[in-house]
Amino acid sequence: MLGVGSTLAGEQLQWRRTVRDNRLQDRRTMYADCLVALRRAHEAMRLAAGEDYSDPQARAAKIRQAFQASGCDEARERLVLTASVEVSQAVYASYHSLRQVREALASGCTLTSDEYHLARQAHEDATRAARTVFRQDLATLES
């Protein structure tokens, strides 16, 4: 009887570790996917903004299309579906600041303009803050 109880307790402990490790890996993957999608969107918009256009509306459309095609909307939604309030707020701040970058570029700002640099810096700051929140959340799962 004692041996069976010990075996069951050991299996329960192993199961809990497996669940925790899977949850940690899933969360780590979601956070990385979201950050990569945000970065991909920014780079795609920069490339689109650097091209030559005869029509400013075509430039704005290409920049908005680059943002849409990046997958950052989907990555953000997957993350906030299961994330804590703190993580959701951090992701939203980074995402919102990236939309400000999009609007600056779509409105005609060049990559060397002050308005773009301010928007880019705000996005970098928000993304850095999100990384910090992600790391804190992962640390709570690891312990």
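**Figure 1. Tyr 31 is a buried residue of the predicted model.** In this predicted model, Tyr 31 has a relative accessible area of 3%. Residues under 20% count as buried, so Tyr 31 falls in that class. By the rule for ring centres, the count comes to two aromatic pairs. One of them joins Tyr 31 to Phe 134: the two rings are stacked, at 4.2 Å centre to centre and with 10° between the planes. Tyr 31 belongs to helix α1 (residues 2-50) and Phe 134 to helix α5, so the pair ties together parts that lie 103 residues apart in sequence. Phe 134 is also buried, because its relative accessibility is 4%.

**Figure 2. Phe 67 and Tyr 95 form a tilted aromatic pair**. The ring centres of Phe 67 and Tyr 95 are 5.8 Å apart and the planes meet at 45°, so the arrangement is classed as tilted.

**Figure 3. Arginine side chains sit over the rings of Tyr 95 and Phe 67**. The charged end of Arg 76 is placed over the ring of Tyr 95, 4.0 Å from the ring centre. Arg 102 lies over the face of Phe 67, and here the distance to the ring centre is 4.7 Å.

**Figure 4. Helix α5 carries a series of buried residues**. Helix α5 runs through residues 114-142 and contains 29 residues. From its first C-alpha to its last, helix α5 reaches 42 Å, close to the 42 Å expected at 1.5 Å a residue. Which residues of α5 are buried? They are Tyr 116, Ala 119, His 123, Ala 126, Thr 127, Ala 130, Val 133, Phe 134, Asp 137, Leu 138 and Leu 141.

**Figure 5. Arg 27 of helix α1 touches Asp 137, Leu 138 and Leu 141**. Arg 27 has a relative accessibility of 15%, and it therefore counts as buried. The contacts named in the title leave out residues up to four places away in sequence. Asp 137, Leu 138 and Leu 141 are themselves among the buried residues of α5.

**Figure 6. The largest nonpolar core contains 34 residues**. Within this core, the residues with the most contacts are Met 45, Cys 72, Leu 79, Val 87 and Leu 98. The elements α1, α2, α3 (72-82), α4 and α5 each give two or more residues to the core. Leu 79 touches Met 30, Tyr 31, Cys 34, Val 87, Val 91 and Phe 134, when residues up to four places away in sequence are not counted. The neighbours of Leu 79 thus include both Tyr 31 and Phe 134, the two partners of the stacked pair.

**Figure 7. The protein chain comprises five helices and zero strands**. Read along the sequence, the chain follows the pattern α-α-α-α-α. Of its 143 residues, 35% count as buried. Among contacts between residues at least 6 apart in sequence, 70% join residues at least 24 apart. The chain exposes about 8,900 Å², and carbon and sulfur atoms supply 54% of this area.

Note on methods. Residues are numbered from 1 along each chain as its sequence is written. This is a predicted model: local features need pLDDT of at least 70, side-chain atom pairs count only at pLDDT 80 or more; totals for chains, interfaces and linings use all residues. Side-chain values use heavy atoms; hydrogens and water are left out. Helices (H or I, at least four residues) and strands (E, at least two) are DSSP runs, numbered from the N terminus. The expected span of a helix is 1.5 Å times one less than its number of residues. Buried means under 20% relative accessible area, exposed over 50%, partly exposed in between (1.4 Å probe, protein chains only). Rings of Phe, Tyr and Trp (its six-membered ring) pair if their centres lie within 6.5 Å; planes under 30 degrees apart count as stacked, over 60 as edge-to-face and the rest as tilted. A charge sits over a ring if NZ of Lys or CZ of Arg is within 6 Å of the ring centre and within 35 degrees of the ring normal. A nonpolar core is a set of buried Ala, Val, Leu, Ile, Met, Phe, Trp, Tyr and Cys residues joined through side-chain atoms within 4.5 Å. Contact means heavy atoms within 4.5 Å. Accessible areas come from the Shrake-Rupley method with a 1.4 Å probe; for residues, only the protein chains shown count as cover.
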